[in-house]
Protein chains: 2
Amino acid sequence: MQTIGTQSIQFEHAPYILSSASVVGKKEGEGPLGEKFDMICADDKFGENTWEEAESTLQKESTALVLGKAGLKPQDIRYIFAGDLLGQTIATSFGLMDYNIPLFGLYGACSTAGESMALGAMCVAGGYADKVITVTSSHFASAEKQFRYPLEYANQRPESSTWTVTGSGAYILGTDKTKVKITGITPGRIVDYGVRDSMNMGAAMAPAACDTIFHHLNDFGTKPQDYDKIITGDLGLVGQEILIKLLKDKGYDISSVHTDCGIEIFDKETQGTDSGGSGCGCSAVTLSAHFLPRVESGEWKKILFVPTGALLSTVSFNEGQNVPGIAHAVVIEHEE
Amino acid sequence: MQTIGTQSIQFEHAPYILSSASVVGKKEGEGPLGEKFDMICADDKFGENTWEEAESTLQKESTALVLGKAGLKPQDIRYIFAGDLLGQTIATSFGLMDYNIPLFGLYGACSTAGESMALGAMCVAGGYADKVITVTSSHFASAEKQFRYPLEYANQRPESSTWTVTGSGAYILGTDKTKVKITGITPGRIVDYGVRDSMNMGAAMAPAACDTIFHHLNDFGTKPQDYDKIITGDLGLVGQEILIKLLKDKGYDISSVHTDCGIEIFDKETQGTDSGGSGCGCSAVTLSAHFLPRVESGEWKKILFVPTGALLSTVSFNEGQNVPGIAHAVVIEHEE
C-alpha cells in the first residue's frame, strides 16, 4: 500500500516530469510571465474558425511541443489524461484525436490540471506505463461564450470576477530520471460553502482548497514551511484572502509560502483582469513556465501544486444551485 | 510493469468487484430486464424539481445502494471515480457531494462506465486504495433536453436513434476476495469515421468499439471465443451490425459471442426504442443487473465489457464537427 493518512498517496516509485510545455494567447503573452511561455499566439483564434476549434488547437500545439521538447513521438506515449472546461470536454476530443493515443477524458473544472497529473502519476508509479501525457486547456472566448456573456455583449465585470486564461499546458510523466519528480498526491473532495455568485469563483473554490491543503498537511505530517511554495490554481486575490483565513482558523498559517497561478499570470493594474486569471489552462501553463524551472534548478526543493475548480454549469447555475469547489494537490520535488 | 501489448494492462493483483447496484426509471423497469434491477422509480423526477437534480439523485441512490449491499459506509471508501453526460458533469458533482469522498471526475461520454471501472481498477491494483466506488449515470430527459429537443416539442425520431437510459450503476472495487475480478483493461483511442448524424450514434461508435476490441484481442493474444460474451455499451442494433462487419474485415468474428447493453435493456417492438438504449447509465445498470450475476455464479468464466461513447456536444455538432467515438474495455473473470 502506498496510501498515507485519510486521503493521500505517497509514491514508492515517484514518477518524473520528463518535460512540460505552455502555449498561451496574446493577453497572457503581454503579462508579467510573457517571456517565459514556450509559445505565444498573436491570433487568439489560432487560425481556426471558432473559439472551440481554437481551444482544440491549443491542446494540439501544447502536446506537440511537449513531445518535441522531450525528443519523443506520439507512439512513445502510452496514455493521455486530459480535459478542459467545455461541455462534453470537446476541446480535448477534437484537439487530441489525431495523436492516436488511448485517452482518459477528465472533468474537474479548473482543478483538472491537478487531477490529470495525479492520475498520470498514479498510472506511471503503478507500473501501467513508461510515459504518459497530461494536458489541459482553457480559452477566454469559449469560456465566456459558455458560462457568461458573448464577447459582443460587452458586459461589465465585477471586481471579484476572474479572467479565463487562454492557454494549454502539457506534461510528460515517466520513469526516466530527471530533476523533478511527483512524490505524492492528495485528491480532493467536493466542498460546498453555499456560494451562489458565479462572478466570484475565488470564494467558491477557497473552501475546497482549504480542505485539500488541510488534509494534505495532516496526511503527510508536514507544515506549510516544509514547502518552498504552496501554489493554488485560480483563487485570485479574493480567494487567496479567504483561503489564508480559513486555514489559519484550522491552525495552519500559509501566508508566507502561498501564491496563486491566477495572481501571477496577469498584472491586475495594467491588464484589467480584476481578481486574477482562471481556467484549467491557467495553472497548467503557469506551473510549466514559471514554477517548474525553479524546482528543476534546485532553487526550490519542494512545492505543493493545488489546482482549484468551481463545479457549475450554466444549467446548474440557472436552476439556482450553489457553486461547490474541488481541489487536487500534487507534491513536486527536486532530485539531484 | 503490468503492461501488455500496445495499449493494455494486465493486473498482477486483480481487484475484485465487491458489490454493484442499479437504479433505473419507469421505462427501464418495464423492459425485459425489469425485475433484475435493484430499484425502479415510478417517478422519473425522483421527487426533484428538475431533470438534472433527478439525475443527481440517481447517482446518490445507486451509491447508497452499492454501499448498503456491501455492508459498508462512505468512510470505508477512499476514492470515487464518476461521471455523466451533462455539461460539466453536474449530475455527478451534485449527486455525490454529500458522501464527502475524494472524487476523480471523468468524461468519456457513454464510455465513462468503462473508463471509471478501468481507472478504479488501476487505483486498487496499484495499491492506492483498499476500496473505491465507480459510478455513472444518464437520464433520458436531461439528455434529450441537452442534446436533442425538449420533450414538449414531441419531435419524431429516426429508426437509427437510440433511447437514453434513465439509470445509474455503481460498483465497489477492492482488495477483498469475491467471485468476480477485473483482470485487465484496454483503454481506447478516439476514432473518427466521419459520421455527422447525431441521430445515429451506433454508427459513430462502432469503429471505436472495433478499434478497442481489435487491440484488446491482439494485446492479450486471445480470440473472441475465449470470452463467454463480448458486451458493448450502447451500439444498438444499427451499431452492432457495423461492429461485427468491421471486425470481420480485420479477421475476428465476434458474431456468436457479441451482445450490447443497449439491445438487451429495451424491447424494441413494444417499447418504441428504435435502435436500442444508450447513455453511460445503460451499460452500467445492465452489467450490474443482467451480466455480472452470471459471472458471479460461474455460469460465465470471462467476459469483455466495452462501453462505447460518442464524443459530441451541441456546440461541436452545430459547428459542423464530426461525431468521433471512443470505447474502453474491461476484462471481468470468475474466480472460485
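Trainee: Into which domains is chain A divided?

Mentor: Domain bounds come from an automatic or database domain assignment. Chain A is divided into domain 1 (3-174) and domain 2 (180-334). This is a predicted model, in which local features need pLDDT of at least 70, side-chain atom pairs count only at pLDDT 80 or more, and totals for chains, interfaces and linings use all residues. Residues are numbered from 1 along each chain as its sequence is written, while chains are lettered from A and ligands numbered from 1 in the order in which they are written.

Trainee: How many residues does the contact take from domain 1 of chain A and from domain 2 of chain A?

Mentor: Two residues are in contact if their C-beta atoms, placed from the backbone, lie within 7 Å. The contact takes 57 residues from domain 1 of chain A and 61 residues from domain 2 of chain A. On the domain 1 side, α4(A) gives the largest share, seven residues. Helices (H or I, at least four residues) and strands (E, at least two) are DSSP runs, numbered from the N terminus. That side divides into 25 nonpolar, 25 polar and seven charged residues. Here Ala, Val, Leu, Ile, Met, Phe, Trp, Tyr, Cys and Pro count as nonpolar, Asp, Glu, Lys and Arg as charged, and the others, Gly among them, as polar. Over C-alpha atoms, the centres of the two domains are 17 Å apart.

Trainee: How many residues of chain B are in contact with chain A?

Mentor: 50 residues of chain B are in contact with 50 residues of chain A. On the chain B side, the largest share is four residues, from α4(B). The residues of that side divide into 26 nonpolar, 18 polar and six charged.

Trainee: What span does helix α7 of chain A reach?

Mentor: The expected span of a helix is 1.5 Å times one less than its number of residues. Helix α7 (residues 236-249) of chain A has 14 residues and reaches 20 Å from its first C-alpha to its last, close to the 20 Å expected. Its buried residues include A:Val238, A:Ile242 and A:Leu243. A residue is buried if 20 or more other C-beta atoms lie within 10 Å of its own, exposed if 12 or fewer, and partly exposed in between, with C-beta atoms placed from the backbone. The buried residues of α7(A) pack against several elements of chain A, among them α6 (201-220) and β11 (229-232). Just after the helix, A:Gly251 takes a positive phi of about 100°.

Trainee: Which strands do bridges join to β5(B)?

Mentor: Two strands pair if DSSP finds at least two bridges between them. Five bridges join β5(B) to β7 (residues 131-138) of chain B, running parallel, and B:Gly83 stands opposite B:Thr136. Three bridges join β5(B) to β6(B), also parallel. Five of the five residues of β5(B) are buried, so the strand is largely enclosed by the rest of the structure.

Trainee: Where does a residue other than glycine have a positive phi?

Mentor: Most residues other than glycine have a negative phi. A:Asp274 has a positive phi of about 50° and sits in the loop between α9 (268-271) and β13 of chain A. Phi of B:Ala109 is near 50°, and B:Ala109 lies in the loop between β6 and α4 of chain B.

Trainee: Are A:Asp274 and B:Ala109 buried or partly exposed?

Mentor: A:Asp274 is partly exposed, with 19 other C-beta atoms within 10 Å. B:Ala109 counts as buried, with 34 C-beta neighbours inside 10 Å.
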